[in-house]
Amino acid sequence: MKPFKNLSAVFTTLALTLPLALVSCGEDEKTDAADLATLTIMAPLLSGDAAAPAVDGEMHKAVEALSGKKLEITWVPNSNYGDRMNVTLASDKLPEVMVVQGKLPAFVQSAQAGAFWDLTGKLDAYPNLKAENKQVELNSSINGQVFGVYRRRDPMRAAVLVRKDWLTKLGLSMPETVDDLYKVAKAFTENDPDGNGKKDTYGLIVPKWPGVYATASPYDVIETWFGAPNGWGERNGKLVPGFDTPEFLEANRFVKKMITEGLVNPDFATLDSAKWDTPFFTGKGGIIIDVSSRGGVQLRLFKEKDPANYGSFVDMTGNLTGPDGKKHSYPTVGYNGFLAISKQSVPTETELKDVLTVLNKLSSKEGQILLNNGFEGKNFTVQEGYALGKSATDPAIKTVTNDVMSFAQIGTATNGYLAYIALPAGQAEKEQYEKRVKFHKADEASAVPNPAQAIVSKTQVAKGAQLDQIIADARIKFLAGQIDEAGLKAEIQRWYSQGGQQIVDEMNEQYAKIKK
Amino acid sequence: MAVNRSTPAGRVFDAVNVVVLVALAVVTILPFIYVTAGSFAKESELAERSFFLWPREVVTDTYRYIFSTDTFLRSLIVTIAVTAVGMIIQVLLTFTMAYPLAKRHLPGRNLLLNLVIFTMVFSGGLIPTYLIVRELGLLDTYWALILPLAINPFYLIIVKNFFQELPEELQEAAQIDGCTELGVFWRIVLPLSKPIIATMGLFYAVAIWNDFMSPLLYIDDSTKWTLQMFVRQVTVSSDMANTLGQIDPNYIPPEQGLKFSVIVVATVPILLLYPFLQRHFAKGILIGSVKG
Amino acid sequence: MGKVRLRTRLVRYRWLFVLLLPGLAYFAIFRYAPMYGVTIAFQDYLPFLGFSGSPWVGWKHFENLFSSPDFPRVLTNTLILALLNAVFVFPAPIVVALLLNELRLSVLKRAIQSAIYIPHFLSWTIVAALTYLLFALDTGPITQLMNGLFNARFDFLADPDWFRPLVIAQTLWKSVGWGTIIYLAALAGVDPNLYEAARIDGANRWRQMWHVTLPTIRSTIVVMAILLAGNLLDTGFEQIYLLTNSLNRSVAEVFDTYVYFLGITQGAYSYSTAVGLFKAVVGIILIYGVNWLARRFHHTGLF
């Protein structure tokens, strides 16, 4: 490691390169055909302590060995991945493979301008890259064009967490319908579930939601239960935004009723989302509507506090049946971004095949286990088909565990998840996990897909986030009683008039094309 | 400043002053004590209690976790080295540029000052700067963390104004005694500038220490990362990342206690700089005696 | 001034020009060479296409900005916060520095100084988390205290009327201690003989502060005021963003948060650069304006 080069050398360089810097304005210089003995990758770093995997580390070496290439991976802290991606797109040296965290405008525009390979129809030739679920592949596309190998995620994650000890005390059972949800919340509020003789509890806990409309907030989930579309829906053969449906209104009347009766935390508009666990854990509120992994977080907290009975505090179920007697489940999009391949760094079809072959290897069963679990016998053991992490007192084991968290980000599992499920030790954890698998599986049948997932409209890219903020704000204002139903409808009209109508038109135009 | 301390009004003022300032100090330091206490608390206690200054049960898991690999120590050393070298270069560049600009009769001075002022509000932005750094071959070197921010125009102006207030007679006298301009700068002006050097040293050091955008953009090799990359990675609000749709649904955010300990270990070293520099402020009295 | 004069001056100051050189090189390379980047305000810039490949669109983005239905609200919110900053945040470190200067027990003085500058090192993310904790509805310690004192139910975080006081309080908390440093450095230059003389003239503490201490730091105050003017419209992004919610957005949205939404989440680089350029033009006008005022009334400006 040469910490600092000779200062005068640097200044000489400065002086010599200044003219160069002034004339070159980042126009594309054609780079030589990429040397595909090494593969360059840019990926977000999600390791817990921000230590990026070392190049001479065991994991890095093993992944290189498996892929048959030398790997040069640029790990970028997840918090600012977008900033770094913009700068990288502007430079003429794109990595050959780039993890893209979803259809961000910068990516969409660059892809449409020809920065990345169009992989439509190309992936089926690779058994491990062939999409397990064609709908998800379509979802990840831009108007039907596939610009990356999607990174698979569970298609169903919605769950309702309920304080089990409160249910037992009041002689109630887990809610199955939205009516049950109301009744349980009412009982949690009025029948003193914590037995302290005071009416100081409430039912549902909702935090300040950072995202806009249709971002898996508890409101979005409840609306779907009531039969409203998930984001966009087809009504009379045309795409309509979900908030312009009678079910949307009905669902929000329901939530508003709960809020007015005090069944929801009064600070639902401002509760720090990082503190969502607190009221549940401390016994102020008893119900959370979120993804099922929050159940694990709650278990961890209760385990620290009451190691003997920690399993008796949290119960969990999936989506609830709506007022129409049918179940409409809120799914995920099924993927989390994708691996896109630069056309500039990988200029020929032959090289593209080479890159895809590597990705194919990484997505094999062997590759998935390496990327998602690590080394069997070293940092985890297999028990009943689950991966049990070894307690990490040995720094070498801890390094592997940490590196695995990072390397999981370059895995795709497009062909389905073949690695082991990591499970923390403990009977309650195992029971909770098995329950969770069961209701997710059951809910998949009633999933309400967003038919517009694959569609990217120009106006949506330019104005969508801002416009959807109008809806998210209006919804909260309606629930807080600051505007009435007429006010809510007026805000929806404002969405249309400020560019929403244009989005609806563009969406429908594309939708007609894709449906063919 | 032992003045009028015996008058009753003076004593009342002193008492009130002490109370006000101590209260201010307490208000500013309490949250940091909470962060420190939280770094030694169990996760369940952090979820349960809203604000506390001492954990019910002291645990050091998070610290042991941080120090269990050499990553943290390595980046601590990197950060200290970059901060020290960077601060010296930046102070040097700032002072050498500010001194000529303080001379009222320097030809072209007004033009140069206006050019400097202009950069206070106008900048080319992230991407062009990145391209320049790349053209200079500074990517993945520590120089990328120092040189692009070598002179802060605000600090330059502050130093320039400080120089302007130094007594001209003194410098002229020195010149008559046969000193060159450089000699005056080195032997007369700089020794008189200790408080402002200390202040600027602190400002620059803290800026480098807290900078996370430069390592994020310019450094690929993670063995060269500074501490702020840790801090950012662990503490950045999930709120913001969530808005951008950047949260991986499989991602479990780091524990609150870990966030707090990373903040503590990344903040304490730089906090120690100020008390160390404080004594130089007192030495500035010199200027006064020269003036008088 | 004749040519000869200029020449002799150039010769006379030759060593000063040598001193200037490294700094000039820095400004040329790292500040002016990237300046072509502002042109993307007149393009539909796309990083992949680069500065030369992106299409030119003239004043389109500025027209969109000024005709946007959001513009009046965002401008008003930004100006109000800027004004509050100038009135409350700017003088605070001066007052604290003067008070610290009056402390006679130097151990206490140093301890207090070291304590009050700590918040500068905590990121806005942490400050926001602490704010949510302390001001939470019904449960925050400060909320409970205020509820008890005024027998009311304060909703600091959601009530739009409390948004600006909270922002100012946060800024004060985070920046006052740090801001005193520059004034304390200036105060270090006060000649003790001046106090002696003032005391002999029978001046009390208040008059000494007014007639001896304050004049010493007056030029520093002027410089800081001019610098503040240049950044008046920079209200900070993270701080505001983290404190914004659906119920207070009407007063919370400022240029910095507005640009963030457009620039980062919607990839509107050119539009956000146009907004930045508008802010910069306002900033430069304010700098020259305040500088002119300072020269008029104080006889020394910035330049």
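Visitor: How many salt bridges are there between chain C and chain B?

Guide: This is a predicted model, so side-chain atom pairs count only at pLDDT 80 or more. Between chain C and chain B the count is two salt bridges. One of them joins C:E238 to B:R232, with the closest N and O atoms 3.5 Å apart.

Visitor: What area is buried between chain C and chain B?

Guide: About 8,900 Å², and carbon and sulfur atoms give 74% of it. On the chain C side, C:L19, C:F30 and C:F121 lose the most area to chain B, together 8% of what that side buries. The contact takes 95 residues from chain C and 101 residues from chain B.

Visitor: How should I read a pair of packed helices?

Guide: Two packed helices are described by the angle between their axes and the distance between the axes. Here, take helix α10 of chain B, residues 181–192, which packs with α2(C) at an angle of about 60 degrees, the axes lying 7 Å apart.

Visitor: Why is α10(B) called oblique to α2(C)?

Guide: An angle from 65 to 115 degrees would count as roughly perpendicular, and one under 35 as roughly parallel. The angle of about 60 degrees therefore makes α10(B) oblique to α2(C). B:E181, B:L182 and B:F185 of α10(B) make the contact with C:W15, C:L16 and C:L19 of α2(C). These residues divide into five nonpolar, no polar and one charged.

Visitor: Let us turn to chain A. How many residues of chain C are in contact with it?

Guide: 36 residues of chain C are in contact with 39 residues of chain A. The area buried between these chains is about 3,100 Å², of which carbon and sulfur atoms give 60%.

Visitor: Which side chains meet in a salt bridge there?

Guide: The count between chain C and chain A is one salt bridge, in which C:R249 meets A:D473 at 2.5 Å, N to O. Seven residue pairs are in polar contact, both residues at pLDDT 80 or more. On the side of chain C that touches chain A, α15(C) gives the most, with five residues. That side divides into 24 nonpolar, eight polar and four charged residues.

Definitions and conventions: Residues numbered from 1 in each chain as written. Chains lettered and ligands numbered in written order. Predicted model: local features only at pLDDT ≥ 70, side-chain atom pairs only at ≥ 80, totals over all residues. Heavy atoms only, no water. Contact = heavy atoms within 4.5 Å. Buried area = accessible area lost by both parts, 1.4 Å probe. Salt bridge = Lys/Arg side-chain N within 4 Å of Asp/Glu carboxyl O. Axes fitted to C-alpha atoms, helices over the stretch in contact; angles between N-to-C directions. Helix = DSSP H or I, 4+ residues; strand = E, 2+ residues; numbered from the N terminus. Parallel < 35°, antiparallel > 145°, perpendicular 65-115°, else oblique. Nonpolar A, V, L, I, M, F, W, Y, C, P; charged D, E, K, R; others polar. Polar contact = N/O pair within 3.5 Å; in protein donor to acceptor, adjacent residues only side chain to side chain.
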